[in-house]
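Colleague: I would like to learn how to read a model like this one. Please take me through it feature by feature.

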Amino acid sequence: MIPRKLLMCSSRFLHMTPVASLRSKELIIVNIDNHEFHKVIKYNRPEELEAYDPRRSGDLRPQDKIDPNWLKFEFQPFADVIDKLPEEHRKIFTVGFGQRRDGTKILLQNALSQTRRHKYDNESMEFKVTWATWKIRNFQDLFVAHPEQRKSTRNRVFVKELIEKRRRWLNKMRHDDYKRFEWVLEVLGVVFKNLPEKGTRIERKASINVLVNLYCNELRDKKMLEYKALLEEEKVPFLKTKLETLMAIRADEESINIPSSVDQDILDTRKLLLQLEKSHMTIHPSKISELEIKKIYSSA
Amino acid sequence: MASTATSLASAGLKLVTNTGPKKLLLGKCYPCYVPKATRVYVKMMDWDDWLKMYFVRFDSYFTHDPDKIAKTGDIVLIEQLPKRLTRDITHQLTKVIYPMGDIVDPISGKKCMGGQFRDVEEVKDRLWGKNENAFDYEKAPPRGWQEGKKDWTHRPGQRKFHEFDDRDTSHMAY
């Protein structure tokens with residue numbers, strides 16, 4: 001616990017501790033933060049991301065880079081003529097000499113050449129989805145290069161709505177033709193996840209509850225597995241002692257000339273022992289090392 | 001519906017609900033957390049004697065499916081088990097009737113893509129000059145090759161609530 005004097009005096013501690021701690025609730029907050037489970041479970045709140053963030057939108061890769069030596073889209077049919085020109089003259093027809101949208105137009109054509117069904121395809125789902133991803137990634141690049149563009153509500157809302165539209169289109173594709181949907185995901189590098197239930201909020205207390213439950217369940221499972229392994233280990237020496245006692249009983253019976261009553265039991269225990277020795281190696285190979293197994297068998 | 005039922009009962013009328021033994025049911029698969037099981041949603045109809053009309057109700061059943069034959073969105077036939085397997089599992093999956101995203105026209109037996117026949121679509125593409133890189137049914141692998149990579153629809157939707165260090169949480173959405 002940080003002494004009150006330090007809290008009040010040092011500005012270094014002031015911004016590190018919660019504001020409420022300076023009030024009358026100080027003691028309570030400190031007590032909760034010093035609870036024992038904090039040593040085991042440490043809650044890290046995930047970052048809150050904007051809608052256009054690629055981690056949230058599901059875009060796995062950014063927009064391809066523009067090569068300034070590409071010819072502009074409108075001059076591409078005349079590439080044979082333009083390529084023969086000297087370099088200084090050719091430069092006028094290239095992307096590097098024009099605006100940014102001259103380059104992105106070619107990127108769109110490159111992306112569409114991968115997915116569209118034919119040259120004049122303007123309305124298929126593949127076309128829509130590729131166009132949307134191209135547009136979204138353009139904006140994502142813009143927001144990285146020029147952060148002041150994020151302030152524009154028009155841009156932000158446009159991207160958010162486009163991402164939602166793309167999700168809807170992909171979902172429709174999934175229902176219509178699953179194989180095509182999977183192929184589009186692979187080609188464009190987009191991740192598709194189920195949406196969480198409506199109205200789910202991220203809360204500290206609720207998520208710590210989940211983490212404690214997870215921890216307890218895993219601890220219980222681990223302990224149960226260890227206990228099961230221990231019981232499995234105890235089976236072999238028990239059966240060995242059982243076999244020895246059965247053999248002693250048979251020897252006694254033979255000494256008094258009585259037909260032995262434990263022949264069947266001896267056979268059964270031997271069979272069980274053989275089975276266990278085989279299965280013991282296969283069931284828990286990681287739990288019990290070979291050396292430990294030798295110890296068990298030698299002691300028995 | 002319970003509130004309406006009680007109110008109707010007080011008025012001396014009855015609400016016929018679709019209850020009783022349900023041995024064979026047809027429903028749609030949804031992802032679930034229970035291991036070796038799928039959650040199946042079945043559409044039920046409740047008859048309202050006062051309004052003389054049906055109301056839709058969805059019942060969910062956990063069905064035993066150890067080999068994971070059914071995938072999310074498939075329409076399946078389930079059968080009631082003579083005895084409960086676990087606390088949740090009451091039914092058993094018998095057959096996948098309509099796999100999702102693989103529609104077959106029942107009259108002609110042709111494969112479809114949404115509301116169109118696949119053959120017709122291919123003919124159209126060929127007439128316009130088919131793109132070489134475009135999707136091809138013959139080369140395409142069966143459904144499920146993107147499961148756990150880019151397609152996470154087999155897991156229930158969940159929001160990321162904690163930054164885990166020790167496990168993979170790529171199925172969680174931000």
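Colleague: Which residues of H12(A) are buried?

Modeller: First, the ground rules. This is a predicted model, in which local features need pLDDT of at least 70 and side-chain atom pairs count only at pLDDT 80 or more, while totals for chains, interfaces and linings use all residues. Residues are numbered from 1 along each chain as its sequence is written, chains are lettered from A and ligands numbered from 1 in the order in which they are written, and side-chain values use heavy atoms, with hydrogens and water left out.

Modeller: Buried means under 20% relative accessible area, exposed means over 50%, and partly exposed lies in between (1.4 Å probe, protein chains only). In H12(A) the buried residues are Ser207(A), Ile208(A), Leu211(A), Ala229(A), Glu232(A), Val236(A), Leu239(A), Leu243(A), Leu246(A) and Glu253(A).

Colleague: How is the span of helix H12 of chain A checked?

Modeller: Helices (H or I, at least four residues) and strands (E, at least two) are DSSP runs, numbered from the N terminus. The expected span of a helix is 1.5 Å times one less than its number of residues. Helix H12 (residues 204-255) of chain A has 52 residues and should span 76 Å; its end C-alpha atoms are 77 Å apart, which agrees. After H12(A) comes Asn257(A), with a positive phi near 60°.

Colleague: How many helices and strands does each chain have?

Modeller: Chain A has 14 helices and one strand, whereas chain B comes to two helices and nine strands. From the N terminus, the order in chain B is α-β-β-β-β-β-β-β-β-α-β. Of the 300 residues in chain A, 33% are buried; of the 174 in chain B, 34% are. Among contacts between residues at least 6 apart in sequence, those joining residues at least 24 apart make up 60% in chain A and 46% in chain B.

Colleague: How many salt bridges does the structure hold?

Modeller: A salt bridge is a side-chain nitrogen of Lys or Arg within 4 Å of a carboxyl oxygen of Asp or Glu. Over all chains there are 28. One of them joins Arg57(B) and Asp46(B), at 2.9 Å from N to O. This pair links distant parts of the chain, with Arg57(B) in strand S4 and Asp46(B) in strand S3 (residues 37-48) of chain B, eleven residues apart. Arg57(B) is partly exposed because its relative accessibility is 22%, whereas Asp46(B), at 2%, is buried.

Modeller: Another joins Arg143(B) and Asp74(B), at 3.4 Å from N to O. Here the partners are 69 residues apart: Arg143(B) is in the loop between helix H2 (118-128) and strand S9 (151-152) of chain B, and Asp74(B) in the loop between S4 and strand S5 (75-80). Both Arg143(B) and Asp74(B) are buried.

Colleague: Which residues form the nonpolar patch on the surface?

Modeller: Patches are made of residues with over 30% relative accessible area and no salt bridge; like charges are joined within 9 Å, and nonpolar side chains (Val, Leu, Ile, Met, Phe, Trp, Tyr) within 5 Å. Accessible areas come from the Shrake-Rupley method with a 1.4 Å probe, and for residues only the protein chains shown count as cover. Met45(B), Tyr54(B), Val56(B) and Phe58(B) form the patch, with about 410 Å² of accessible area together. Strand S4 (residues 53-64) of chain B gives the most to it, with three residues; Phe58(B) has its place in S4.

Colleague: How many disulfides are found?

Modeller: A disulfide is a pair of cysteine sulfur atoms within 2.5 Å. The search of the whole structure finds zero. For Cys32(B), the nearest cysteine sulfur is that of Cys29(B), 9.3 Å away. Cys32(B) is buried, at 16% relative accessible area.

How values were computed:
Contact means heavy atoms within 4.5 Å.
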